Amino acid sequence: SSRQRPPHLFTARFAWPSARRRKSSSWGCEVILLQFSIPGEPRGKGRPKFARRGAHVATYTDGKTAAYEGLVALAARQAMAGGAMIEGPLRVAVHAYFAPPRSASAKARASMLANEVKPTKKPDLDNIAKAVLDGLQGVAFADDVAVTYMSASKRYDPTPGVLVTVERDVAAEAASLQVAA
């Protein structure tokens, strides 16, 4: 088939402290600090829930979202293999892979897997990215304010899941060094 599946899908890789270097990157970065996958159907960040606690109103995350963020944190911890949290400006890529619907015809399924048809169903891409970043917060990096660039995509694949890549934002680091000088 002409469709190429990412060879790293659903394999956790992490190189710390000597990060794996690439010759080139679409982002202009040189170092992948963390790359891992989250198995299963991608899930978006749910809306906050509210509960009255006496005279106060408490806000909380629904159980399904909290469970998914826990799965993200677990996958990241396993990929980091005990490494320290990542510091500095970061670039994050979130690629969500959805299984084609079982009701799709063989022709439609082939189009989906050939990347000719993209998933335009829920969850929204921005909500998937929010759930991933919230799951990584406190595990891979202290706070998601360190993310200076983000890319995300939705595709069909026979194996559903989310592939996450965290890279150092070399351009942002260089710019901050020039401003400080």
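Tutor: Happy to! A residue is called buried when its relative accessible area is under 20%, exposed when it is over 50%, and partly exposed in between, using a 1.4 Å probe and protein chains only. This is a predicted model, in which local features need pLDDT of at least 70 and side-chain atom pairs count only at pLDDT 80 or more, while totals for chains, interfaces and linings use all residues. Residues are numbered from 1 along each chain as its sequence is written, and side-chain values use heavy atoms, with hydrogens and water left out.

Let's begin in the middle. A nonpolar core is a set of buried Ala, Val, Leu, Ile, Met, Phe, Trp, Tyr and Cys residues joined through side-chain atoms within 4.5 Å. In soluble globular proteins, nonpolar side chains tend to be buried together. Here the largest such core has 32 residues, and Phe36, Ile38, Leu136, Val162 and Val164 have the most contacts inside it. Two or more residues come from each of strand E3 (31–39), helix H1 (63–80), strand E6 (90–98), helix H2 (106–113), helix H3 (125–136), strand E7 (147–156) and strand E8 (161–168). The biggest share comes from H1, which gives 7 residues. These labels stand for DSSP runs, numbered from the N terminus: helices are H or I runs of at least four residues, and strands are E runs of at least two.

Now look at E8, where 8 of the 8 residues are buried. In a regular strand the side chains alternate between the two faces of the sheet. E8 is covered on both faces: Gly161, Leu163, Thr165 and Glu167 are buried on one side, and Val162, Val164, Val166 and Arg168 on the other. Two strands pair if DSSP finds at least two bridges between them. E6 and E8 run antiparallel and are joined by 8 bridges; within this pairing, arginine 91 has glutamate 167 of E8 as its bridge partner.

From the strands, let's move to the helices. Two packed helices are described by the angle between their axes and the distance between the axes. The axes are lines fitted to C-alpha atoms, for helices over the stretch in contact, and the angles run from 0 to 180 degrees between N-to-C directions. H1 and H3 pack at about 55 degrees, with their axes 8 Å apart. Angles under 35 degrees count as roughly parallel, over 145 as roughly antiparallel, 65 to 115 as roughly perpendicular and the rest as oblique; H1 and H3 are therefore oblique to each other.

Which residues of H1 and H3 meet? Tyr68, Glu69, Val72, Ala73 and Ala76 of H1 meet Ala131, Val132, Asp134, Gly135 and Leu136 of H3, where contact means heavy atoms within 4.5 Å. Glutamate 69, a residue of helix H1, is buried, with a relative accessible area of 13%. Leaving aside neighbours within four places in sequence, glutamate 69 is in contact with Lys45, Ala131, Asp134 and Gly135.

H2 has Ser111, Met112 and Leu113 as its buried residues, and E7 is included in what covers them. After H2 comes asparagine 115, with a positive phi near 70 degrees. Asparagine 115 is found in the loop between H2 and H3 and is partly exposed, with a relative accessible area of 31%.

That loop also holds proline 119, which is buried, with a relative accessible area of 5%. Not counting residues up to four places away in sequence, proline 119 touches Phe98, Lys154, Arg155 and Tyr156.

Alanine 81 lies in the loop between H1 and E6 and is exposed, with a relative accessible area of 66%. Alanine 81 has a positive phi of about 50 degrees, although it is not a glycine.
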